[in-house]
Amino acid sequence: MQAVIKKKAIELLESGTVNRVLGWKAGEFFYDLTPAVFTTPEQIEKDFVYSVFSGANMSKYLIDESKKEGKVAAFIKPCDGYSFVQLQKEHRIVRENIYAVGLACDGMCDMREIREAGIKGVTSVEEDGETLKIGTIYGEKTMAKKDALLERCVHCKSKKVVDCDEMIGENGEENRDCGRFDEVEKLEAMSPDERFAFWRSQLSRCIRCNACREVCPACSCVKCVFDNPNSGIAQKAAASDFEENNFHIIRAFHVAGRCTDCGECSRVCPEHIPLHLLNRKFIKDMNELYGFYQAGADFESKPPVMNYTTGDAEPSIVYARGGDK
Amino acid sequence: MQVDKNWTPTIVAFCCNWCSYAGADLSGNNRLSYPANVKIIRIPCSCRLNPMFILRAFQRGADGVILCGCHPGDCHYTTGNYYARRRMTLLFSMLDYLGIEKERTRVEWVSAAEGAKFAATMNEFVEAVTALGENKRLEDFRCKQ
Amino acid sequence: MQRIGVFVCWCGSNIAATVDVEAVADALSKEPGVVFATNYQYMCSKSGQDMIREKIKELGLTGVVICSCSPRMHEATFRKTCESAGLNPYMVEIANIREQVSWVHKDKAVGTEKAIILGRAAIAKVQLNTPLIAGQTPVTKRALVIGGGIAGIQTALDIADAGFPVDIVEKNPTIGGKMAQLDKTFPTLDCAACILTPKMVDAGQNENIRILSYSEIEDVKGYIGNFDVKIRRKARYVDEEKCTGCGTCMEKCPMKKVPNEFNMGLDNRTAIYIPFAQAVPKVATIDANYCLKLNTGKCGICSKVCLADAVDYEQKDEILEEKYGAIVVATGFNPISLEKFDEFAYSQSPDVVSSLEFERLMNAAGPTGGTLLRPSDKTHPHTIVFVQCVGSRCDASAEKGKEYCSKICCMYTAKHAMLTREKYPDTEVYVFYIDVRTPGKGFDEFYRRAVEQYNVHYIKGMVGKVVPEGGKLKVQASDLLDNRQIHIDADMVVLAAAIEPDKSARPLATKLTASMDTNDFFTEAHPKLRPVESPTAGIFLSGTCQGPKDIPETVAQAGAAASKVISLLVKDNLVGNPCVAKPDELMCNGCSSCEKVCPYGAITYEDKPFRGPNRTTLIRRVAVVNPAVCQGCGACTVACPSGAMDLLGFSNRQIMAEVDAICK
Amino acid sequence: MKKISKAKIDELFKAISAKETLYIPVDDSEGQAAFIPYAEGLKMSEDLNTVRSAKDLFFPQVESLVNFKMDGKHIEIIDAATEKKPFVIFGVRACDARSFDILDRVFYYAEPKDSFYIERRDKSTVVTLACNAPEETCFCGAFGIDPAEPAGDVSAWQDGESFFFKANTEKGEALLAGLPLEDAADDAADKVKEDIRKITAMLPLKDLDLSKFGPGKTQELFNDPAWATLSESCLGCGTCTFVCPTCQCFDIRDFDGGKEIRRYRCWDSCMYSDFTQMSAGQPRPTQKERFRQRFMHKLVYYPDMHEGLFSCVGCGRCLRKCPIHMNIVKVIKTIGEEK
């Protein structure tokens with residue numbers, strides 16, 4: 001796959017279709033790839049990497065990249081693709097300045113899963129079929145790829161690239177039975193006290209580093225309300241339990257209906273808080289109450305929070321849903 | 001849960017200007033009483049209610065927050081309460097998901113003609129929140145020690 | 001920091017009896033920013049207002065808090081007061097300590113404490129108020145009247161008389177409405193047609209009035225002074241310009257079995273028809289549901305016999321787009337369907353009729369030419385039972401009927417009874433009533449005449465059951481005064497059906513964004529002080545669409561609505577509501593979330609240059625709100641993820657300040 | 001040197017916590033290690049490092065400085081400082097131990113002195129723990145830190161059976177004196193140290209070249225074009241600064257609780273767009289300037305002011321936690337590249 005993508009990237013540059021390529025740049029240890037803009041075939045030959053660690057959703061970079069001189073090539077995985085379309089719907093990226101190459105994807109790996117499996121001091125990772133061969137300073141280890149997948153890939157909701165100029169690999173299909181709401185359902189089945197305890201134990205670890213927000217393609221505000229001193233709710237640290245809750249509730253609410261469930265928030269959280277479970281709760285509720293909706297799946301639909309029907313459920317439906325009293 | 005007998009909850013009621021605020025006025029006109037813990041904030045329309053305001057009220061020590069608006073279909077701005085309805089449904093569900101007692105939040109549609117309903121709703125809501133006791137899960141305790 | 005003055009009103013004893021006004025003023029005087037606090041007997045009185053003005057000037061107040069009655073009552077008053085003292089009117093906030101405190105809390109300590117808290121909330125809000133200046137928009141000097149009954153006609157005539165053009169949109173082929181179907185009118189017994197038809201003719205001939213009959217409102221956009229209305233002109237398959245109303249087509253039309261709605265279905269009409277002789281416009285209409293030509297393609301007789309060549313089977317609905325400055329709703333009423341009242345055998349016997357049907361049976365232009373005959377066998381009825389309150393004044397818990405009093409039934413039943421006895425003295429007339437309500441000029445005298453002069457049998461009690469049996473209607477009833485059961489063998493039973501708003505009113509209200517009550521009557525802006533205005537600016541109410549009324553009341557209200565419209569249309573410009581949405585361009589993402597929820601289409605976007613970092617220029621898409629179109633609902637403010645969109649007068653920070661003040 | 005068998009470590013913890021609050025690294029439900037007060041039943045984390053560094057215990061993320069009580073138009077000022085109790089931190093790694101030196105120079109010795117920080121430092125006893133299993137992200141060696149010989153009031157080592165302790169300061173002596181420890185030979189931990197050094201010799205980042213950085217390099221490095229390309233990927237979140245043991249910037253904010261206002265300080269990040277924002281605007285208008293500031297401060301400005309001491313300790317937290325894997329090693333390698 002990497003070879004094909006590199007060839008395509010070089011071809012696009014050399015043909016003058018684009019003057020830049022947005023891709024993943026090699027780091028120190030195979031896994032620590034950094035999004036980067038490549039401008040020459042030499043750079044691509046040398047540093048461009050596409051591997052099981054190319055998980056970062058690149059669509060947010062296109063907000064700035066698409067406003068620069070000339071055209072940029074972007075490689076869009078299915079989950080990135082939803083954000084890519086959603087950002088277009090929100091007029092945040094200039095589509096004409098992008099050459100989008102869709103990538104078929106069968107899952108990306110998470111270094112955290114490998115470390116949590118007890119594999120330390122990793123210096124190299126090689127994909128060998130369904131197995132990862134992992135070189136460490138303490139000797140070579142192996143791990144099944146499926147055990148090292150990112151959470152969002154374990155519950156992959158779609159292998160379909162919604163919008164691209166060409167595909168590498170076969171475009172796939174949506175999978176609505178991906179089990180991505182299982183965790184939400186487990187929480188819903190708990191008692192309110194258990195849920196409260198669960199979320200306190202999670203959110204109390206929040207250090208308000210804003211990684212979730214900065215990586216989120218839906219959180220692309222010019223200035224976040226939490227940074228805007230005039231908003232009345234600006235805060236720089238979660239200075240109380242309330243502020244921890246407040247930040248995450250409001251953030252989830254602000255992206256509700258626009259969140260494509262790309263899972264980046266949970267991937268990047270340094271404290272490993274399962275933030276995607278907040279977004280998924282909104283998605284699940286909206287699906288159940290207002291009909292299935294996938295943000296970024298099309299160019300026309302209105303997000304459920306910006307829409308209504310006269311026969312919508314009353315808020316009192318909440319009293320009858322979700323867990324016991 | 002142990003409830004202090006002298007304790008009364010703080011209730012913030014957001015009322016849309018056109019129906020529910022007028023409904024509250026009517027309940028005053030008709031001398032229909034409801035507990036004084038209920039403090040009304042006038043907003044132009046139920047769709048003006050930002051979830052931020054509800055959380056803010058809980059942060060500052062409110063024990064219950066209720067939104068009153070025109071009945072669906074009667075919004076002065078045609079569609080405002082439809083949006084409010086979706087937003088509040090989702091927000092309440094999220095608060096419940098976080099383990100916040102769902103009985104602390106409520107939406108009622110009260111028309112300008114429903115003074116009696118306004119008073120009855122408030123009586124009932126205050127009773128429900130009193131039974132729950134103090135809001136401890138969303139309050140900001142920084143200045144309460 | 002603002003310099004705030006606090007004025008606590010006693011409202012006589014309305015507030016002062018249950019709120020310690022002095023304690024409230026004292027407590028509020030200690031709030032940061034408050035430089036003056038006082039209490040006074042009537043803040044809204046001239047001397048109260050003078051005091052406010054004086055203090056503004058003397059102390060250089062930048063904000064004013066009035067603790068008084070509801071802002072819905074006197075906010076405008078106090079804003080004007082402050083404005084006249086040179087303070088921006090939007091620097092005034094009202095703490096509602098009457099409706100929300102003194103009238104609902106009996107305990108003085110409790111009330112006083114709450115009043116102080118509400119005062120603090122108002123002070124906290126004023127701290128963040130900014131002077132607002134209302135924008136101005138031009139007024140389209142033309143009115144639209146929806147509904148062509150007596151209410152619509154009268155309103156249109158009055159507006160036209162003041163020199164403004166008016167369009168009447170009537171869904172039926174002719175104007176005239178319910179009044180055209182009536183025989184005589186109470187309490188004077190003058191003939192309805194004699195007083196109505198001249199007005200219809202006036203309307204038809206008035207050069208300022210255009211009658212758009214057989215038309216309906218398709219869509220309404222815009223706002224006071226600037227409504228854009230789409231009117232569907234339904235195809236009547238007859239060219240209005242050419243038709244002379246000669247009636248030849250009606251004579252020749254082979255389809256003669258169409259129930260005649262003008263006569264309440266008591267007889268038939270043809271498929272091409274003019275509803276009644278005095279119809280305005282007097283133009284034929286083809287009923288597409290029955291016309292043979294339109295349904296089968298065969299016939300075409302009317303076209304052949306029409307000398308004016310007016311028939312056009314190809315006619316299509318047309319959409320007319322017009323601009324108006326004001327809209328008057330005059331959609332009127334209908335009697336309720338009596339299907340659910342089968343205890344009165346309405347659907348079992350043709351001799352059980354509604355009052356409006358009875359009205360047609362008595363009418364000289366009616367199906368029987370004015371001779372009272374039983375619909376079943378066309379014989380003279382000798383015993384007639386009138387039942388009042390059928391479907392009116394029902395329990396809220398009842399499955400059928402209305403809670404309200406339909407207001408007109410007592411009087412028209414007295415009229416029917418009297419006319420029957422006058423014309424047919426051999427007829428026994430019984431009226432079953434719960435109460436007889438006659439509060440109107442000459443009403444009680446009229447009713448007493450029916451009882452005393454005409455010997456109508458008024459019986460207090462309800463009819464329990466009517467059973468058709470052997471050509472008679474067996475009426476079982478109770479006499480509550482004598483406390484006994486009564487059985488009457490009647491020839492006819494007349495049901496005084498409750499009246500309800502026309503079915504077209506509810507969808508119309510949605511299009512107009514005008515509010516309605518639970519009974520589908522339009523809500524007035526204030527039940528006492530603004531009875532002919534809808535809360536939606538620029539929408540006015542005329543006639544029974546607002547509540548049950550008799551003819552003189554309807555005409556009076558029609559005139560009142562017209563005068564409101566006129567006083568709007570004489571203005572060249574309207575001063576808008578400055579409490580509108582305002583985006584902070586620096587924060588705006590241009591994501592279109594706000595646009596998606598705006599019910600008025602007030603938000604557009606433009607690409608604007610901004611100063612970027614390091615002397616660069618960035619072009620950004622940002623939201624622009626048209627303040628003349630925005631009505632200030634605030635839907636956009638919540639949809640906006642970046643908080644760029646805020647609402648002037650009800651800003652995020654103002655509302656949060658109120659929340660803080662209440663919860664502290 | 002003292003020792004205790006590993007099986008008895010709980011006894012040791014109990015003994016310490018009986019006298020003072022004891023902080024040890026513990027895994028939470030998600031396997032994230034953090035220093036928390038010891039309580040019976042808690043197990044020490046086996047992770048190399050906590051997610052957040054040990055600096056939290058001296059320089060917490062949020063701390064009240066002063067309170068204002070409001071009564072109408074009157075304001076009363078209340079000192080928010082409360083007397084701190086003595087405490088022990090157990091299991092601090094060599095890198096974090098060095099970070100205390102770096103923070104001390106800012107909060108402890110330099111004017112104005114930070115009384116909150118000083119009190120905590122004075123009342124703490126730091127027990128370090130040598131790193132038996134350094135990871136690929138470790139590069140403390142580049143800053144002259146030896147994970148086999150950690151500093152602190154007490155240094156500790158572990159092998160399969162025992163923990164070994166050596167007091168380095170009077171505070172350390174005092175701590176060890178009262179504990180149920182056995183005596184051990186002075187060279188008892190030498191085997192452990194040797195093993196550790198064998199591993200550190202294999203670490204991929206051991207040869208990180210810092211020669212391009214240090215005092216006086218501002219002119220040379222400030223306008224390096226690589227800052228633009230490196231910062232391009234930076235999202236502008238504060239993860240690196242908040243997990244960093246040496247980042248020391250804070251902001252001061254007020255919380256208005258209605259009747260009382262709390263003035264508190266909280267960590268700030270130079271990566272944020274509103275960091276040190278002034279009425280005239282942001283002195284570092286784009287992410288390039290902010291990004292450059294962070295690394296120049298660690299590698300040039302701080303050494304400029306503190307005798308060449310780098311304010312990075314090579315703990316590797318930012319290498320693991322950066323959402324897009326941009327980090328100080330990549331900066332050192334790219335900017336430090338021979339041109």
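Two residues are in contact here if their C-beta atoms, placed from the backbone, lie within 7 Å. With that in hand, let's look at where chains B and C meet: 44 residues of chain B and 43 residues of chain C take part in the contact.

Some housekeeping before going on. This is a predicted model, where local features need pLDDT of at least 70 and side-chain atom pairs count only at pLDDT 80 or more, while totals for chains, interfaces and linings use all residues. Residues are numbered from 1 along each chain as its sequence is written, and chains are lettered from A, with ligands numbered from 1, in the order in which they are written.

Back to chain B. Helices (H or I, at least four residues) and strands (E, at least two) are DSSP runs numbered from the N terminus. On the side of chain B that touches chain C, these elements each supply at least two residues:

| Element of chain B | Residues |
|---|---|
| α1 | 20–29 |
| β2 | 38–43 |
| α2 | 51–59 |
| α3 | 80–97 |

The largest share, seven residues, comes from α1(B). Sorted by class, this side of chain B has 23 nonpolar, 13 polar and eight charged residues. For those classes, Ala, Val, Leu, Ile, Met, Phe, Trp, Tyr, Cys and Pro count as nonpolar, Asp, Glu, Lys and Arg as charged, and the others, Gly among them, as polar.

Chain C has a helix pair to look at, too. The axes of α7(C) (residues 150–161) and α16(C) (residues 551–569) come within 8 Å and cross at roughly 35 degrees. Those axes are lines fitted to C-alpha atoms over the stretch in contact, with angles running from 0 to 180 degrees between N-to-C directions. Residues making this contact include I150(C) and Q154(C) of α7(C), along with V555(C) and A558(C) of α16(C). By class, the residues of the contact are ten nonpolar, five polar and one charged.

Now for chain D, which has eleven helices and twelve strands. Its radius of gyration, taken over C-alpha atoms, is 21 Å, close to the 20 Å that the globule rule (2.2 Å times the number of residues to the power 0.38) gives for 339 residues, so chain D is as compact as a globular protein of that length. The C-alpha atoms of chain D fill a box of roughly 65 × 65 × 40 Å along the principal axes. Of the contacts in chain D with a separation of 6 or more, 69% join residues 24 or more positions apart.
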